[in-house]
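Subject: Structure for you to look at

Hi,

Here is the structure I said I would pass on. Have a look at it first, and then read on for what turned up.

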Amino acid sequence: MILTSIDIGTNTILMLIANVLQDGTIKPVRDEHTIARLGKGVDENRMILPTTFERVLNVLERFKNISDESGSTRILARGTSALRDAKNQSEFTGFIKQKLGIDIEVISGEEEAELTYIGAVADAVHKPQPQNFVVLDIGGGSTELTEGTGFDVKAKRSVDIGSVRITERFLKSSPPSPQEINEATGYIHSLVQGWPALPDTSLFVGVAGTLTTLASIDLALPSFDREKVHKHVLTFEAVDSIFNVLRTKGLEELKQVPQILPERADIIVAGVLVLLEAMKQLGAETITVSDRGLRYGILMKEIQKG
């Protein structure tokens, strides 16, 4: 059975088309992503902008065509932080339903955390002994931290800090001023300071664009390579070193960094800052990068329903 999952995030829209086998195995057919910036202006205005309606429609129309051509029998679309915050959420989801016939389910931060966790650990839970995981998902509008054993989620947290939100609120200069960095750092710290220290027995996993971009930079990849990025281990020292380079660059300079997508250049510093503060609070010396996450979790949850 071929199914499609679409993760409609604040910054990026990701689509996974996969052959889902009876034993629960997910075999990817197509894996696509586009930076659509759904959440542009949402933090300030609590509204999805009119121009965003058409921009996201174009992305989803292209994704639907790919899904249909791939023989997918169903599209499972989930919206996250920007749609949770937007006052015109129902207007937007109704617009997409009318134009494309796609039902977008807007999920809570806790649901997002659980689905992301399930997707991130899916290829690592079949070892003889149960594995403990802590999964960090830095999105455009929110960040989720989830703890569990195997597929069994024990605790989940979601806070309203993300690369787009922090950029729009604090990092308004390019490059950001020391004062802007300090204010952003203080705000992030205020929201993660209650997080407990990372358990010694847990594998710390990070998902989403900030992490995969950092892995690409750390590996000095000439272009994105999913196989090399997936399961790459980043040290705190490496992340801190990369941050101290990126924070000194203006927007045009960031766009020239080979491993940074031009559409991500304006928010990458904020994303790395969130990661640094999370690692400090958790006492994490390393984090293992996963190129999986919510889109995989959506399909895994569907499998579990039977």
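The cavity count, at 30 Å³ or more, comes to one. Bear in mind throughout that this is a predicted model. The largest cavity holds about 70 Å³ of space. Its lining is made up of T10, G39, V42, D43, S81, A82, D85, G141, V164, R165 and E168. If you want to find the place by elements, α1 (42-45), α3 (81-85) and α6 (163-169) are those that give two or more residues to that lining. By class, the lining of the largest cavity has three nonpolar, four polar and four charged residues.

Now for the open space. The largest pocket contains about 700 Å³. It is lined by 42 residues, and T12, L14, A208, G209 and R264 are the closest to its centre. The elements with two or more residues in the lining are β2 (12-20), β3 (26-35), α5 (109-121), β6 (132-138), α8 (209-218) and α13 (294-305). Which of the elements gives the most to the lining of the largest pocket? That is α8, with five residues.

Start with α8, which packs against α12 at an angle of about 95°, the two axes being 9 Å apart. That makes the pair roughly perpendicular, since angles of 65 to 115 degrees count as such. On the α8 side the contact involves T210, L211, T213 and L214, and on the α12 side I268, G271, V272 and L275. Five of the residues in the contact of α8 with α12 are nonpolar and three are polar, with no charged ones.

α12 (residues 268-282) has another partner in α7 (residues 178-192): the axes of these two come within 10 Å and cross at roughly 45°. α7 and α12 are therefore oblique to each other, and their crossing is right-handed. From α7 the contact takes I181, A184, T185, I188, H189 and V192, and from α12 it takes V269, L273, V274, E277 and Q281. Sorted by class, the contact of α7 with α12 comes out as seven nonpolar, three polar and one charged.

Then there are α5 and α13, both on the list of elements that line the largest pocket. Their axes come within 7 Å and cross at roughly 90°, so α5 and α13 are roughly perpendicular to each other. The α5 residues in this contact are E112, E114, L115, T116, I118 and G119. Those from α13 are L294, Y296, G297, I298, M300, K301 and Q304. In the contact of α5 with α13 there are six nonpolar, four polar and three charged residues.

Last, two backbone details to check in the viewer. Most residues other than glycine have a negative phi, and most peptide bonds are trans. Where in the chain does P175 sit? You will find P175 in the loop between α6 and α7, and the peptide bond that joins S174 to P175 is cis, with omega at about 0°. The other detail is R37, in the loop between β3 and α1. R37 is not a glycine, yet its phi is positive, at about 50°.

Cheers

Note on methods
Residues are numbered from 1 along each chain as its sequence is written. This is a predicted model: local features need pLDDT of at least 70, side-chain atom pairs count only at pLDDT 80 or more; totals for chains, interfaces and linings use all residues. Side-chain values use heavy atoms; hydrogens and water are left out. Axes are lines fitted to C-alpha atoms, for helices over the stretch in contact, and angles run from 0 to 180 degrees between N-to-C directions. Helices (H or I, at least four residues) and strands (E, at least two) are DSSP runs, numbered from the N terminus. Angles under 35 degrees count as roughly parallel, over 145 as roughly antiparallel, 65 to 115 as roughly perpendicular and the rest as oblique. A crossing is left-handed if the near helix is turned anticlockwise from the far one by less than a right angle, and right-handed if clockwise. Contact means heavy atoms within 4.5 Å. Ala, Val, Leu, Ile, Met, Phe, Trp, Tyr, Cys and Pro count as nonpolar, Asp, Glu, Lys and Arg as charged, and the others, Gly among them, as polar. On a 1 Å grid over the protein atoms alone, a cavity is a set of points where a 1.4 Å probe fits but cannot get out, and a pocket is an open set with protein on both sides within 12 Å along at least five of seven lines; lining residues have an atom within 4 Å of a point. Grid points are joined across faces, edges and corners, and a volume is the space filled by probe spheres set on the points.
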